Amino acid sequence: ALSGLGELDRVVSSDDHDAMQAFVTGLVSGKADELGWTVGDGESERQRATRGLLLKSLGNLGRDRETIEMARTVFSSGDVVYPEIADAALMIVAANGSVEDFDGFIQTSEKAKDPQTKIKYLRAATQIPDIAAAERMFQMVLDGTIRSQDAFWVVALLLGNRETGSYVWELVTE
């Protein structure tokens with residue numbers, strides 16, 4: 001259901017976007033608040049995965065200010081946290097981020113010692129809702145900085161970004 005709401009978020013009219021955010025917040029905030037940002041003893045993998053999904057939905061689809069602030073705190077703390085929480089924090093920061101965040105993600109991706117980290121931060125960089133960041137990422141595809149085997153999904157994610165997708169489409173058609 002949340003995946004479907006994510007797709008709807010990309011196409012819903014700007015006039016209805018606030019209502020969409022309120023709907024998502026109402027739908028997930030109770031359970032997200034119940035699960036919180038910390039993992040309890042004896043939690044199942046399903047509970048941890050659910051927490052990550054709900055937090056991402058609340059921060060990215062619901063644009064909940066408290067969730068976005070907490071994600072930034074968790075992300076910037078550098079503390080070792082469970083992967084589901086770390087991933088949620090990263091993707092919330094990315095979807096609500098700036099060009100400075102984009103620069104940090106690209107630097108982390110370039111310095112990554114393993115391919116999983118490289119891809120994770122490259123993916124996060126595509127989510128920045130800023131035209132300048134999207135243009136830079138698109139240029140990185142064109143100039144070969146982004147490997148050709150990654151170019152297709154990078155461009156696809158850029159095109160799917162609610163805030164920058166139409167601009168990236170103009171770049172593609174140009």
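User: What relative accessibility does Glu7 have?

Analyst: In this predicted model, local features need pLDDT of at least 70, side-chain atom pairs count only at pLDDT 80 or more, and totals for chains, interfaces and linings use all residues. Residues are numbered from 1 along each chain as its sequence is written, and side-chain values use heavy atoms, leaving out hydrogens and water. Relative accessible area is classed as buried under 20%, exposed over 50% and partly exposed in between (1.4 Å probe, protein chains only). Glu7 counts as partly exposed because its relative accessibility is 49%.

User: With which residue does Glu7 form a salt bridge?

Analyst: A salt bridge requires a side-chain nitrogen of Lys or Arg within 4 Å of a carboxyl oxygen of Asp or Glu. The closest N and O atoms are 3.0 Å apart, and the residue is Arg10.

User: How many residues apart in sequence are the parts tied together by Lys56 and Asp87?

Analyst: The side chains of Lys56 and Asp87 meet in a salt bridge with an N to O distance of 2.9 Å. Lys56 belongs to helix α3 and Asp87 to helix α5, so the separation of the parts they tie together, in residues, is 31.

User: Which residues does Ala71 contact, leaving aside its neighbours within four places in sequence?

Analyst: Ala71 is part of helix α4 (residues 65–77), and it counts as buried because its relative accessibility is 0%. Contact means heavy atoms within 4.5 Å. Beyond those sequence neighbours, the contacts of Ala71 are Trp37, Ala89, Ile92 and Val93.

User: What is phi of Arg63, roughly?

Analyst: Most residues other than glycine have a negative phi. Arg63 lies in the loop between α3 (45–61) and α4. Its phi is positive although the residue is not glycine, and the value is near 50°.

User: Which residues make the nonpolar surface patch of about 260 Å²?

Analyst: Patches are made of residues with over 30% relative accessible area and no salt bridge; like charges are joined within 9 Å, and nonpolar side chains (Val, Leu, Ile, Met, Phe, Trp, Tyr) within 5 Å. The areas come from the Shrake-Rupley method with a 1.4 Å probe, and for residues only the protein chains shown count as cover. Val172, in helix α10 (residues 165–173), is partly exposed, with a relative accessible area of 35%. The patch is made by Leu159, Trp169 and Val172.

User: What radius of gyration does the protein chain have?

Analyst: The chain has 10 helices and zero strands, and its C-alpha atoms fill a box of roughly 50 × 45 × 25 Å along the principal axes. The radius is taken over C-alpha atoms, and the globule rule is 2.2 Å times the number of residues to the power 0.38. For 174 residues, a compact globule would have a value near 16 Å, and the protein chain agrees, with 16 Å.

Key
Helices (H or I, at least four residues) and strands (E, at least two) are DSSP runs, numbered from the N terminus.
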